[in-house]
Structures are given as C-alpha cells and as structure tokens.
Amino acid sequence: MTATSSFGEIRKGVFPSMQKHTFADPTTQPFWDAARVGRLIVPCCTRCGTFRLPPYPICYACQSFDLEWVELTGLGTVYSYTVVHHPLHPDLVDAVPYLSAIVELDGTQGEGARMLANVIDCEPGEISIGSRVRIIFEHVNDDMSTPRFRLVRGDEK
Ligand SMILES: [Zn+2]
C-alpha cells in the first residue's frame, strides 16, 4: 500500500526518510559518500582493529584518532529489534507496522559497531533475533541514500 503524506510517499513497513540531507561532518562524510553509491564502509581503528559505528573520531577501546575506512559486505545478524505499531505522527498511519533492528555487521567485533535501521519487505512474524539481513541503500536524492536492511532468504545465508 502506498499513500502520500507530509513526509512524502508512505509505504507499509517503511519508515520514511525524513532526513533529506546528511548534515555530515568530516567524521561522517565518508560513510554518506559510500552510501550514495551503494557501499557500506565503517571506520576501523588502525591501532587496535576496533570498528566504531556511528562514526566518531576517537577509538573507544584505545583512544587512538587513527582510522581507516573498511568496506563491509553489508551482511549482518539481528541483535535486537522492535515492531512499531503506533504511528509517531498521524501521517505515518499507513507506514505501521514497521520494523527497526539493531544489526551486528559481519566483519566487525559487533558491540560498538552495531547499526540501527529499518528492516523492509519483512512481516513482523518473519524476523527474530539472529535473523540474517543484508543492507540496501535507498536513494533519497543526489546527496543522500538511506541505509535499510532486508532479510536474507533461502540459500543466501
Ligand atoms: Zn583502537
């Protein structure tokens, strides 16, 4: 089902991208630049190997400012999730229920590099802790694409 609202197009299960600009700074711009072309990169400490997400300038494990951006596969495992049934705004009534999940990204240490995003094309009963997901980047405009996840189905796991 698709409807139009003050937030633009509303689709069931999809939290609309209300943010139209990244408002990025030098610490986060590389993430958004990669997202715009469908790639997931995450800052990793070059001293101790700890990934940090959301991106921030200092490593929480060893306090180093040194980092490199590492491209990940975009596959991950649901660490936790919630099903949102109550619309946060009357214009979101056609979007609920939608799923928000915290995802542990493959290739990272997990904690400290988890990612919170909407899981789309998924009924609430299909997801559980431990479900495998893959990131997708939904085009918003020429400056921004929004990360979301889809369930990995069948042999893709
Ligand atoms: Zn470190």
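**Figure 1. The largest pocket of the predicted model.** The space in this pocket amounts to about 400 Å³. Its lining consists of 16 residues, and those closest to the pocket centre are Phe 15, Leu 116, Ala 117, Asn 118 and Thr 146.

**Figure 2. Strands and residue classes in the lining of the largest pocket.** At least two lining residues come from each of strand S6 (98-105), strand S7 (115-120) and strand S9 (144-151). S9 gives the largest share, with four residues. Sorted by class, ten of the lining residues are nonpolar, five are polar and one is charged.

**Figure 3. The second largest pocket.** The volume of this pocket is about 230 Å³. Its lining is formed by Thr 22, Thr 28, Phe 31, Trp 32, Leu 53, Pro 54, Pro 55, Arg 114, Met 115, Leu 116 and Pro 147. Helix H1 (29-36) and S7 are the elements that contribute two or more residues to this lining. Eight of the lining residues are nonpolar, two are polar and one is charged. Leu 116 is listed here and is also among the residues closest to the centre of the largest pocket.

Figure 4. Ile 102 is classed as partly exposed because its relative accessibility is 33%, a value between the limits of 20% for buried and 50% for exposed.

Conventions: Residues are numbered from 1 along each chain as its sequence is written. This is a predicted model: local features need pLDDT of at least 70, side-chain atom pairs count only at pLDDT 80 or more; totals for chains, interfaces and linings use all residues. Side-chain values use heavy atoms; hydrogens and water are left out. On a 1 Å grid over the protein atoms alone, a cavity is a set of points where a 1.4 Å probe fits but cannot get out, and a pocket is an open set with protein on both sides within 12 Å along at least five of seven lines; lining residues have an atom within 4 Å of a point. Grid points are joined across faces, edges and corners, and a volume is the space filled by probe spheres set on the points. Ala, Val, Leu, Ile, Met, Phe, Trp, Tyr, Cys and Pro count as nonpolar, Asp, Glu, Lys and Arg as charged, and the others, Gly among them, as polar. Buried means under 20% relative accessible area, exposed over 50%, partly exposed in between (1.4 Å probe, protein chains only).
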